[in-house]
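Student: I have a model open on my screen and would like to go through it with you. Could we begin with the ligand and then move on to the helices?

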Amino acid sequence: MVKADEYTLESVRESLIRQEDTIIFSLIERARFPLNSPTYERNYSSIPNFSGSLFDFILHQTEDIQAKTGRYMNPEENPYEEKLSPSIVSHYNFSQFLYPAAASININKKIRKVYFNNILPLFIAFGNDGNYAQTAANDLSILQAISKRIYYGKFVAETKFRKSQCEYEPLIRAKDRKALMNLLVDKRVEEIVLKRVEKKAMVFGEEVSIDSKIKGKYKVDPSIVYNLYNKWIIPMTKDIEVEYILRRLD
Ligand SMILES: C=C(O[C@@H]1C=C(C(=O)O)C=C[C@H]1O)C(=O)O
């Protein structure tokens, strides 16, 4: 069993670094397909007894089977769907590190909206090749990876709170969002994250050729990965940190 104190700021940071790999590989996989807009059109799929797009259907069905088989018993995992089947398997005794009153914050709607409106158009070619099920499955992999990363802000906030409780408490009582954000933020770490994800996108996504003249062609533009983290992923992680910390004394 993982003990509650096995999460430390260092271990949380290590996990965030490993999650970068998952996010970047999932972007590379989605980039194999063009936009494939019918995937997201309500009227296109005509699935019997379901009103929604093919993507909505795959999201619901996939999360439901994952819920049944215990995925969301782990506090590090957060589903997008609200109504899911209960787990039908016996499960591992996961450490309950988060503060219960603060653990349930949810910005799924925002993450979904940002993904489809702001992130996807950045790295996808327009077009339609008919591979809608694969497209939706790849979207879901990215959404799950960025959701885990953003909600990991709760673990970041909890470790920081435990380290400096006296500094946080008065600001939480005063509901001083701005001061809490200043206390939570570490600009130096953010700059390292940004440089590292750009580099990882180069290393993981470079077209490999035995012809040494072909260099510098990437499956997903590294500067887009940088921007994705800078504009969306890090800010949303920090929002989760602040929302979590505000409820830390409830
Ligand atoms: C995750 C941390 O907290 C904040 C959020 C960061 C992020 O989203 O990458 C980086 C630094 C901090 O501003 C941390 O300090 O490691």
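Student: Which helices each supply at least two residues of the shell around the ligand?

Tutor: Those helices are α1 (9-30), α9 (187-205) and α10 (222-246), where helices are DSSP runs of H or I with at least four residues, numbered from the N terminus. A residue counts as near a molecule if its C-beta atom, placed from the backbone, lies within 6 Å of it. Please keep in mind that this is a predicted model, in which local features need pLDDT of at least 70 and side-chain atom pairs count only at pLDDT 80 or more, whereas totals for chains, interfaces and linings use all residues. Residues are numbered from 1 along each chain as its sequence is written.

Student: And which residues are around the ligand?

Tutor: They are Arg 13, Leu 16, Val 156, Val 185, Asp 186, Val 189, Glu 190, Val 193, Ile 234, Thr 237 and Lys 238. By class, the shell has six nonpolar, one polar and four charged residues, with Ala, Val, Leu, Ile, Met, Phe, Trp, Tyr, Cys and Pro taken as nonpolar, Asp, Glu, Lys and Arg as charged, and the others, Gly among them, as polar.

Student: OK, on to α10: where is its kink centred?

Tutor: The kink in α10 is centred on Tyr 229 and amounts to about 40°, the bend at a residue being the angle between axes fitted to the seven residues ending there and the seven starting there. From first C-alpha to last, the 25 residues of α10 reach 35 Å, close to the 36 Å expected at 1.5 Å a residue; the expected span is 1.5 Å times one less than the number of residues.

Student: What does Tyr 229 touch, leaving out residues up to four places away in sequence?

Tutor: Tyr 229 touches Val 193, Leu 194, Val 197 and Ile 234 on that basis, where contact requires C-beta atoms, placed from the backbone, within 7 Å.

Student: How many residues are in the largest nonpolar core?

Tutor: That core has 35 residues, and those with the most contacts inside it are Ile 146, Ile 150, Val 225, Tyr 229 and Ile 233. A nonpolar core is a set of buried Ala, Val, Leu, Ile, Met, Phe, Trp, Tyr and Cys residues joined through C-beta atoms within 7 Å. Its largest share, nine residues, comes from α10.

Student: Why does Leu 228 count as buried?

Tutor: Leu 228 counts as buried because it has 23 C-beta neighbours inside 10 Å; the cut-off for buried is 20 or more other C-beta atoms within 10 Å of its own, for exposed 12 or fewer, and partly exposed lies in between, with C-beta atoms placed from the backbone. Leaving aside neighbours within four places in sequence, Leu 228 is in contact with Ile 119, Leu 122 and Ile 233.

Student: Changing topic, is Asn 36 buried or exposed?

Tutor: Asn 36 is buried, because it has 23 C-beta neighbours inside 10 Å. Asn 36 lies in the loop between α1 and α2 (54-68) and has a positive phi of about 55° although it is not a glycine. Most residues other than glycine have a negative phi.

Student: What about Asn 49, buried or exposed?

Tutor: Asn 49 is exposed, because it has 4 C-beta neighbours inside 10 Å. Asn 49 is also placed in the loop between α1 and α2, and has a positive phi of about 60°.

Technical notes
Two residues are in contact if their C-beta atoms, placed from the backbone, lie within 7 Å.
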